[in-house]
Amino acid sequence: MNVIFLGPPGAGKGTQSKRLETRYGIAQISTGDMLRAEVAAGTAIGAQARAIMDAGQLVPDDVIIAMLESRIERPDCANGFILDGFPRTEAQAEALDSMLRARGARIDVVLFLEVDEEALADRVAGRYTCADCGAGYNDLFKKPKVENTCDVCGGHHFVRREDDRRDTVAARLTAYRRQTAPILPYYEAEGRLYRIDGMADIDTVTAKVFEIMDGITKK
C-alpha cells in the first residue's frame with residue numbers, strides 16, 4: 001500500500017504517518033530526510049543534489065524522483081511506503097506517478113488532513129517542549145500538570161521552536177495554499193483523495209485513517 005499524506009504544516013501528518021507505519025508495516029519517507037541522507041552518504045545522486053544546493057538552487061524534481069526511486073527499493077518498503085511532504089506540485093505528482101507506473105506500482109490512497117487555518121495557527125504557535133527530555137506540550141490543550149514542571153522528567157526548562165511563531169506559521173500556511181493545495185484536484189479526479197477532519201483529536205483522526213486504509217485493503 002503506497003500512501004501520500006497531504007495537509008498544511010502542523011496538521012499532524014507526521015504523527016499519523018508514524019501510526020500508519022506501525023500498524024501496516026509500511027515505511028514513512030520524508031523527502032527532506034531522504035535528501036539529507038543521500039548527501040551525507042556521498043552517493044552519486046547525493047553529490048549531484050549537494051552541488052545544486054551549494055549553488056543556492058532548488059533540487060529539481062527529476063533528482064528528487066531519482067532519489068525516491070532508489071529509496072523505495074529498500075527492504076523496508078516491501079509492503080509499501082508513506083510520503084510526507086511530497087509531492088508539492090502537480091508536476092511532481094505527475095512525475096511520481098510516471099516513475100511508479102514504470103515499476104508496475106501506483107499511489108493507492110491520498111489522505112488529506114483538512115484544517116481550520118486560524119485554529120491551526122493558534123495550535124502550532126502554542127507548542128513547546130521540555131528542554132531536558134523533549135516531551136511536548138501546548139498552551140491550549142496540553143499544559144504540564146504542575147506549572148513549569150515537566151510531567152515526564154520533572155524538568156523546569158521549556159523551549160519553543162522558532163518556526164512555530166505565529167507569523168512564521170502564517171507564512172508557511174500561505175506558501176502551502178499557493179504551492180500544494182492545487183494538486184488536490186489532480187488526485188480527487190482519480191478517486192484517490194480522501195478528506196479527513198484534521199481538527200479532530202489525534203485518536204479520532206487515527207481511527208478515520210485506519211477505517212479508510214482497511215476499506216481499501218479489502219477491495
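The model is predicted, so local features need pLDDT of at least 70, side-chain atom pairs count only at pLDDT 80 or more, and totals for chains, interfaces and linings use all residues. Residues are numbered from 1 along each chain as its sequence is written, and side-chain values use heavy atoms, with hydrogens and water left out.

**The whole protein**

You will find 9 helices and 8 strands here; these are DSSP runs numbered from the N terminus, with helices (H or I) of at least four residues and strands (E) of at least two. The C-alpha trace spans about 55 × 45 × 35 Å along its principal axes. Some further values are gathered below.

| Property | Value |
|---|---|
| Share of the 219 residues that is buried | 39% |

Buried stands for under 20% relative accessible area, with a 1.4 Å probe and protein chains only.

**A look at Met34**

Met34 sits in helix α2, which covers residues 31-41. Its relative accessible area is 6%, so Met34 counts as buried. Beyond its neighbours within four places in sequence, Met34 is in contact (heavy atoms within 4.5 Å) with Ile29, Ile64, Met67, Leu68 and Arg71.

Note on methods: Buried < 20%, exposed > 50% of the residue type's maximum accessible area, 1.4 Å probe, protein only.
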